Amino acid sequence: MHSEVTTMSDKADATVLLGGSTTETTGLTGYYDVKCLDSAGNVKWGETIKNLVTTEGKNDILDKYFAGTSYTAAWYMGLVDGASTPTYAVGDTLASHAGWTELAAGTAYSGSRPTVSWSAASAGSKASTATTFTISATNTVAGALLATVASGTSGTLYSAGSFTGGNRSVASGDTLLVTYTAVAA
C-alpha cells in the first residue's frame, strides 16, 4: 500500500521599528521695517532691519507666557545712535550694552520711547502698527530697539538691530515710521 503525506504550513513575519521621533523647535526672531519721511511727507528712504533677540527678551517672554498671572504687555520702541557702528550681543540689556548707544529721546526726537501697538498674531507672527518718531534734531540713526519701559534702563531689552546698508541720516522735521514683526518659527 502506498501513502503520501503532505505537510502544509503558513508563516508570516512582521517587524516593528520603535524609536522614531518627531521634533519641533520654535525660535524667536523678528525684523523692523523703517520708513523716513521728510517734512512734506515724501519718502526719503526705507529699509528692513534683521534684529537680535536678547537672552533677556527670550527669558521675559518665557516667564510671562508660562508663569505669568494677569500679565499686561507694554512695549516701547527706541532708536540706536549712528555716531558709531553698533555691535550687539545676546547678553545686552537696557542697563548694559557696551557695543552701542541709544539715540537720546527728548533731544533727537520728541518725547520718550513711543508706545508700540500690536495687531493680532497670525501664521506664527505678530506685527506692530507703525510707531512714529518725530525727529527734532539732525542725527544719524543706526537702527531700532524694543523695550518694556518708556524711558530709563530698568526695563527689559527685547531686541535691537541695525540697518544692513549702514547708518542713515535724519533731519529736524523728518518722521520715522517703524514697524516691528515678531516671528516664532
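**Notebook: Thr 156 and its surroundings**

I began with the neighbours of Thr 156 and found that Thr 156 touches Glu 56, Gly 57, Asp 60, Leu 94, Leu 146, Ala 147 and Thr 148, leaving aside residues up to four places away in sequence. A reminder to myself: this is a predicted model.

Next I asked where Thr 156 lies. I found Thr 156 in the loop between strand E7 (139-147) and strand E8 (157-162).

Is Thr 156 buried or exposed? Its relative accessible area is 13%, and buried means under 20%, so Thr 156 counts as buried.

Then I stepped back to the whole protein. I noted one helix and 10 strands. Reading along the sequence, I wrote down the pattern β-β-β-α-β-β-β-β-β-β-β. The protein has 185 residues, and 34% of them count as buried. I also looked up contacts between residues at least 6 apart in sequence: 74% of these join residues at least 24 apart. For the surface, I noted that the protein exposes about 10,900 Å², with carbon and sulfur atoms supplying 52% of that.

My last stop was strand E6, residues 131-134. Which residues make up its covered face? They are Thr 131 and Phe 133, while Thr 132 and Thr 134 form the uncovered face.

E6 pairs with strand E10 (residues 175-184) in the antiparallel sense, over four bridges. In this pairing, Thr 134 stands opposite Thr 175 in E10.

Terms used: Residues numbered from 1 in each chain as written. Predicted model: local features only at pLDDT ≥ 70, side-chain atom pairs only at ≥ 80, totals over all residues. Heavy atoms only, no water. Helix = DSSP H or I, 4+ residues; strand = E, 2+ residues; numbered from the N terminus. Buried < 20%, exposed > 50% of the residue type's maximum accessible area, 1.4 Å probe, protein only. Contact = heavy atoms within 4.5 Å. Pairing = 2+ DSSP bridges. Areas by Shrake-Rupley, 256 points an atom, 1.4 Å probe, with all protein chains shown as cover.
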